Amino acid sequence: MKIYLKKINTSLIGFILVLHLFISLLITNVGFVFGFPVQFFYYPLSLLLCLIIYKNNLPTCIVLFSLLVFSFVISRIVFDNSYDGQYYHQETMIQLKNGWNPIYSLSNSRTGKFWIDNYPKGAETLSSLIYIFTDKIEEGKCINWIALFASFFMSYSVLRLLEIKRTLKVLFAFLIAFNPVVISQVFTYYIDALVYSFFVCCLCSMTLYLKEKKNMYLYIFIGSLVLGSSIKFTSIVIFGVFIVVSLLCVIFILKQKYLFFKLFYSSCLGFFLLILVTINPYANNLINGRHLFYPLLGKGSVEIMYLTAPKDFVDGYNRIEKLGITLFGKTGFLDANDIRFKIPFSVHKSEIIKLTESDIMIGGFGVFYGGFLLLLLIVLLFNLEKFKNFSSTQKLLLMSIVPIFFSVLIISDPWWVRYIPQFYLIPIIILFVLQINQVKIKVLPLLYSVLIINVGLFLLAISISNYYKSQKFYYILESLKKSQRTVKIDTHQFKSTLNRLEEYNISYKEIKINNDDKKVIKFQPKGAVIKDESFVKVERNKIFDFLQKNLYMD
């Protein structure tokens, strides 16, 4: 068994996971330029090209395909129940699957048209390729898992360069990849988790290239840079600042001119390819005389933050204050009238409930995260004298904190943690530098334990919540299908529900249902409702039945 494990090439797994998504996105957007819509063969062709480029050994291939199969299967069986995911992310990929070319025309979106036509579409484009290939709308979420696994194996590839126990390598790679923002969004079409995962891949590939000088890491660097920057407006800013500051660190701190120019040229190539895959919205905005970042800036723009938080709060606190509020506040939604720092390691019932949300605002890194940061600070203060004669690896790791921190500060409202998921890396890097210090620090296992428990609570809450909500989906769908009658449904702004009914061959008729009508079936936790006409009830899953009676009671 150990022999087979040693043959697994973790860097190559990360390479294929990142590059086949990158090639998929590139081919699709080249097709858009020439007037071709999304094609079903783009995704399998891209995967095949990556496998041909780098021939592999059997153990690595087994792991790779196991990861891909798992990603597809888990995404299919767990439904997206998030607001934004069902509102406009799914609708974007539906429009793309149905032949929409975003470069040359506006969409025929049934809902969220303003956002769909004007927002970047890197994630939705990739999801639409999966959707057209499998014809299952939920499977498009598999790119979240693929990116998560890529970040895990790229992190492990960096850690394998160090002489520490394999269990510690796996532990740190797990803690890096399973960021609480990633955990809370991996079962949804939210896109912040993708930004983080590709950010990790970009950081790790740069670190590996600086250590090993292999061109494969430059390819991963370019691929993750393009993928991550194409997802949303803030991501292009985050990656841009990260790359610029990283290059400055390489030239002024490491003083490596050759490596600087290799990374500089790779960055230029990456941003050139980024222009190609983001013609909509950036080039389209300029051609139409709008601000580059419309609809967030320029004439006719919409101030997103004012839609979600009071203007006095958005304008009344600086970046550092907002960051402090979210790191040390109570997990949940923003209450600008009641901003209080909670007692470290205290847990409120409302916080546990909020852990199941895909869009946590304040305290979104977990109920124990603020306490973990304070413990880490105390350990640092009591061990300052041990920080002498840093190795080159320790210096490189500490250097990586600088561009990460700048990429956080560039965000005007870091109180919303899904906008700054990369901050999560900073204390983990510090923790790792402490771990490989020549003089061992005995209290480090305590810090690991706190962080593992913090992540474990997220995993437990998200797993139970998504299991219950998905089983509720299945129960309702099976009941509707068995009834063999036309469903009267009011989708509100969640039109993707209709695609789910179509996949189950359930006929429907859209009607308007009053909000106070009590004879309705809530098709999903957020969104569409169905007129209750005494549909046939199928047998309940016993675990689902238990959860409904004892935990959810809805």
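L451 is buried at a relative accessible area of 1%, where buried means under 20% relative accessible area, exposed means over 50% and partly exposed lies in between, computed with a 1.4 Å probe on protein chains only. The residue lies in helix 23 (residues 444-483), helices being DSSP runs of H or I with at least four residues and strands being runs of E with at least two, numbered from the N terminus. This is a predicted model, in which local features need pLDDT of at least 70 and side-chain atom pairs count only at pLDDT 80 or more, while totals for chains, interfaces and linings use all residues. Residues are numbered from 1 along each chain as its sequence is written, and side-chain values use heavy atoms, with hydrogens and water left out.

- Leaving aside neighbours within four places in sequence, L451 is in contact (heavy atoms within 4.5 Å) with L175, Y369, F372, Y424 and I428.
- The C-alpha atoms of L451 and N550 are separated by 29 Å, the two residues being 99 apart along the chain.
- The largest nonpolar core has 166 residues, and those with the most contacts inside it are L17, Y369, F372, W415, F423 and L425; such a core is a set of buried Ala, Val, Leu, Ile, Met, Phe, Trp, Tyr and Cys residues joined through side-chain atoms within 4.5 Å.
- Helix 11 (residues 192-212) contributes the largest share of this core, 15 residues.
- W415, again leaving aside neighbours within four places in sequence, is in contact with M305, T308, A309, F313, K322, T326, L334, M361 and I362.
- A second, separate core of 21 residues includes I489, L501, Y504 and I506.

**Aromatic rings and charges**

- The structure holds 41 aromatic pairs, a pair being two rings of Phe, Tyr or Trp (its six-membered ring) with centres within 6.5 Å, and planes under 30 degrees apart counting as stacked, over 60 as edge-to-face and the rest as tilted.
- F172 and F432 form an edge-to-face pair, at 4.8 Å centre to centre and 75 degrees between the planes.
- That pair links distant parts of the chain, since F172 in helix 9 (residues 166-177) and F432 in helix 22 (residues 425-435) are 260 residues apart.
- Both partners are buried, F172 at 0% relative accessibility and F432 with a relative accessible area of 5%.
- F313 and Y317 form a tilted pair, 5.1 Å centre to centre with 45 degrees between the planes; F313 is buried at 2% relative accessibility, whereas Y317 is partly exposed at 33%.
- R418 lies over the face of W416, at 4.7 Å from the ring centre, and the charged end of R540 sits over the ring of Y475, 4.8 Å from its centre; the criterion is NZ of Lys or CZ of Arg within 6 Å of the ring centre and within 35 degrees of the ring normal.

- An open sheet of four strands has the order 2-1-4-3 with mixed pairing, two strands being paired if DSSP finds at least two bridges between them.
- Strand 2 (508-510) and strand 3 (520-522) stand at the edges with a single partner strand each, so one side of each is left without a neighbour in the sheet.
- Strand 1 (residues 487-490) and strand 4 (residues 529-531) pair in the antiparallel sense over two bridges, and D490 stands opposite V529 in strand 4.
- Helix 24 (residues 496-503) packs on the sheet, touching strand 1 and strand 2, and its direction makes about 165 degrees with that of strand 2; axes are lines fitted to C-alpha atoms, for helices over the stretch in contact, and angles run from 0 to 180 degrees between N-to-C directions.
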